[in-house]
Amino acid sequence: MLKIHGTVRSRTARTLWALEELGVAYEHVPTDSSQAKSSGHLALNPNGHVPVLEDGPTVLWESMAINLYLAEKYGRAPFWPSLPEDHGRCYMWSFWAMTELEPHLLTFLMHRVIYPAERRDEQAAKQAADTLKAPLRMLNDHLAGRDYLLGSDFTVADLNVASVLSWALFGKLDLSGVPAAETWLSKCVKREANQRVYAMR
Ligand SMILES: N[C@@H](CCC(=O)N[C@@H](CS)C(=O)NCC(=O)O)C(=O)O
């Protein structure tokens with residue numbers, strides 16, 4: 001059986017969402033992030049991070065890589081589309097979320113919500129929010145007149161981007177200036193599969 005390591009209160013939530021969408025049987029080992037540097041976990045992921053997926057002898061780390069692998073191996077269209085061109089679009093949006101959104105969202109979240117008050121730097125939070133404006137505008141323009149990133153169906157691209165952007169909701173980042181992106185995000189995170197993951201928290 002597939003085994004996923006990592007607490008739901010980490011990026012593991014993304015991989016749990018993918019597993020729930022796919023409906024495959026899996027075992028969840030809720031390794032806390034504080035245990036990610038233990039020798040047992042380092043043997044699985046020498047980076048000392050969660051999530052880690054074990055699929056028989058195959059061990060994978062990096063949340064987006066895990067989700068794209070799961071979608072390709074266990075998914076079918078439309079979640080994992082049929083055409084190579086659409087696979088390219090799934091990679092494109094996933095890498096975009098990781099490089100253009102995630103670092104700035106993380107800075108925003110740390111300085112608005114996660115760090116204790118005395119460690120928070122409002123200037124860093126504000127700068128991160130400013131940097132996010134351009135990619136969010138691009139996302140908003142892309143989604144205007146579309147239901148989902150690739151067109152009319154929810155795919156792994158939506159899951160990956162929405163799972164990253166959902167940090168904006170935890171951090172209460174104002175998305176009212178990008179209404180198409182805000183509506184799309186709300187529709188994605190409300191999916192039953194993701195609600196089952198939220199219920200694990
Ligand atoms: N790029 C990696 C990041 C993994 C990562 O940083 N995970 C955090 C939890 S969200 C972690 O394991 N932190 C524990 C540590 O670094 O010691 C991914 O997307 O999987």
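## Fold and dimensions

Read from the N terminus onward, the elements of the protein follow the order β-α-β-α-β-β-α-α-α-α-α-α, and in this predicted model the secondary structure amounts to eight helices and four strands. The radius of gyration of the protein is 17 Å, close to the 17 Å that the globule rule gives for 201 residues, so the protein is as compact as a globular protein of that length. The C-alpha trace of the protein spans about 45 × 45 × 25 Å along its principal axes.

## Burial and contacts

Of the 201 residues in the protein, 48% are buried. Among the contacts with a separation of 6 or more, 63% are between residues 24 or more positions apart.

## Surface and charge

The protein exposes about 10,000 Å², of which carbon and sulfur atoms supply 53%. Its side chains include 21 positive and 23 negative ones, and the centres of these two sets lie 4 Å apart.

## Cysteines

A disulfide is a covalent bond between the sulfur atoms of two cysteines. A search of the whole structure for such bonds finds zero disulfides. For Cys90, the closest cysteine sulfur is that of Cys188, and the separation of 13 Å is too far for a bond, given that a disulfide requires the two sulfur atoms to be within 2.5 Å. Cys188 is likewise in no disulfide, with the sulfur of Cys90, its nearest cysteine sulfur, 13 Å away.

Cys90 counts as buried because its relative accessibility is 0%, and Cys188 also counts as buried because its relative accessibility is 0%, the cut-off for burial being under 20%.

Notes: Residues numbered from 1 in each chain as written. Predicted model: local features only at pLDDT ≥ 70, side-chain atom pairs only at ≥ 80, totals over all residues. Heavy atoms only, no water. Helix = DSSP H or I, 4+ residues; strand = E, 2+ residues; numbered from the N terminus. Rg over C-alpha atoms; globule rule 2.2 N^0.38 Å. Buried < 20%, exposed > 50% of the residue type's maximum accessible area, 1.4 Å probe, protein only. Contact = heavy atoms within 4.5 Å. Areas by Shrake-Rupley, 256 points an atom, 1.4 Å probe, with all protein chains shown as cover. Lys, Arg positive; Asp, Glu negative; His and termini not counted. Charge placed at Lys NZ, Arg CZ, Asp CG, Glu CD.
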